[in-house]
Amino acid sequence: MKRLTTFLLLLAFSCILTACSAENLPDTKEPEEPPQEDGGEDVTIYRCGSLEIALPNRYLDQLTIYTNENEAQNGFQPLLSVYETASLLAAEADFGNTEGFGFLFGFAALDQAALEQFLSTTPAGADVFAQDETRYYVYTYPTDVQFYRSGGEIDTHSEDWAEWEALCGLGGEVQADMAGRNGLQAYSTQVFFEQEFTYNSDHVYLNYYPNFATGINDQEFYTLVLSQPVRQGHDGIWCVERMLDAYGQVYCYFPDSGLPAAEYYAELQEQCDAGEHKELLTPLGAAKFFVQESGYFNGETADESFLPLPAAAP
């Protein structure tokens, strides 16, 4: 059985961070707008597609900045990444590469389908903070200290370290300016996670025992939470929207189809109306479909592997 937060999904969303790295963006980019005074402070504006991101000029001589002009991949697109130049130079001198050094912060954009995969995986080092009519915007940051000087020693009393800490504090300032400058609406994933359910419908609970048929650890189970995402009633398809493990940890689920879940399930409903995927008209059939298609489990779908639960399941 694969772990609930699957390697493939985590690998996909690692692009939010790694595609912004100095190793993956080929060249620094000159700003498309000249330095200008903005609200009393000189800034330099970098144009990332239709967005403008401004960095204070007082820090520019300490920074290496990368922007991305490539098309979005799998629904997400790195926009801009900011590094401390001194760390990059020291790492290059000592190791011949800069991978894993000097990263301060960055920004990426997600479409609806990519946002849903983000909600499924909640990757470390990335927070969704804003949205517009078509995309959501992610603030990315390192999960470890990427300050580096030759020899690898960190002197927290040095002037270099004080300057590093000042640069680390710059990310929040640029993030707030980016939202205001581009007229973005505030967004928080916490709103989603505070919802009891993903879809507004009746809900059915099934315990799934992935190792029941083998008899190996046959008491291990996951509680599948099923709902009707498109149409309610006897002719509406069912889906697994969330899972709970034995410790009560909740995992939301969105199909990794490249489409927003609403479009994906609407297509499945149309196929069912045309006579295909009739198994989705029952919670048990939908649970089996999920086990076979999601990649989370080993594919065991014997009826005895599923135990229906009362409607008031935890």
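Where in the chain is the place of His277? It is in the loop between α8 (261-273) and α9 (283-293).

1. **Basis of the model.** This is a predicted model, in which local features need pLDDT of at least 70, side-chain atom pairs count only at pLDDT 80 or more, and totals for chains, interfaces and linings use all residues. Residues are numbered from 1 along each chain as its sequence is written, and side-chain values use heavy atoms, with hydrogens and water left out.

2. **Confidence.** pLDDT is the predictor's confidence in each residue, from 0 to 100. The chain averages 86. A score of at least 70 is reached by 84% of the residues. Residues 1-27 fall below 50. That stretch still has 70 contacts in the model beyond near neighbours in sequence; contact means heavy atoms within 4.5 Å. Where pLDDT is low, the predicted coordinates should not be read in detail.

3. **Overall make-up.** The chain has nine helices and 14 strands. Helices (H or I, at least four residues) and strands (E, at least two) are DSSP runs, numbered from the N terminus. Of the 314 residues, 46% count as buried. Buried means under 20% relative accessible area, exposed over 50%, and partly exposed in between (1.4 Å probe, protein chains only). Among contacts between residues at least 6 apart in sequence, 59% join residues at least 24 apart.

4. **Helix α3.** This helix spans residues 85-95. Its buried residues are Ser87, Leu88, Ala90 and Ala91. Seen down the axis of α3, they fall within an arc of 165°, so they line one face of the helix. The arc is that of the directions from the helix axis to the C-beta atoms. Leu89 and Ala93 are exposed, on the face turned away from the buried side. The cover over the buried residues includes β4 (63-67), β5 (76-84) and α5 (159-168). Gly96 follows α3, with a positive phi near 80°.

5. **Helix α5.** The buried residues here are Trp161, Trp164 and Leu167. Down the axis of α5 they fall within an arc of 115°, so they too line one face of the helix. They pack against β4, β5, α3, β6 (103-110) and α6 (170-181).

6. **Phe147.** This residue sits in the loop between β8 (136-140) and α5. Phe147 is buried, at 5% relative accessible area. Leaving out residues up to four places away in sequence, Phe147 touches Glu84, Ser87, Ile154, Asp160, Trp161 and Trp164. Ser87 is one of the buried residues of α3. Phe147 and Gly102 are 45 residues apart in sequence, yet their C-alpha atoms are 5.4 Å apart.

7. **Ser120 and the end of α4.** Ser120 lies in helix α4 (residues 112-121). Ser120 is buried, with 10% relative accessible area. Apart from neighbours within four places in sequence, Ser120 is in contact with Cys252, Tyr253 and Phe254. Thr122 lies in the loop between α4 and β7 (126-131). Thr122 is partly exposed, at 45%.

8. Thr122 has a positive phi near 40° and is not a glycine. His277 is another such case, with phi near 50°. The relative accessible area of His277 is 25%, so this residue is partly exposed.

9. **Aromatic rings.** Rings of Phe, Tyr and Trp (its six-membered ring) pair if their centres lie within 6.5 Å; planes under 30 degrees apart count as stacked, over 60 as edge-to-face and the rest as tilted. The count comes to 26 aromatic pairs. Ring pairs link Tyr208, Tyr222, Tyr253, Phe290, Tyr296, Phe297 and Phe306 into a cluster. Tyr253 is also one of the contacts of Ser120. Arg242 lies over the face of Phe192, at 5.1 Å from the ring centre. A charge sits over a ring if NZ of Lys or CZ of Arg is within 6 Å of the ring centre and within 35 degrees of the ring normal.

10. **Cysteines.** The structure holds zero disulfides, a disulfide being a pair of cysteine sulfur atoms within 2.5 Å. Cys239 is buried, with a relative accessible area of 3%. Cys272 is buried as well, at 1%.

11. **Asn57.** Asn57 is in the loop between β3 (51-56) and β4. Asn57 is partly exposed, at 23% relative accessible area. Glu41 is 16 residues away along the chain, and the two C-alpha atoms are separated by 8.1 Å.
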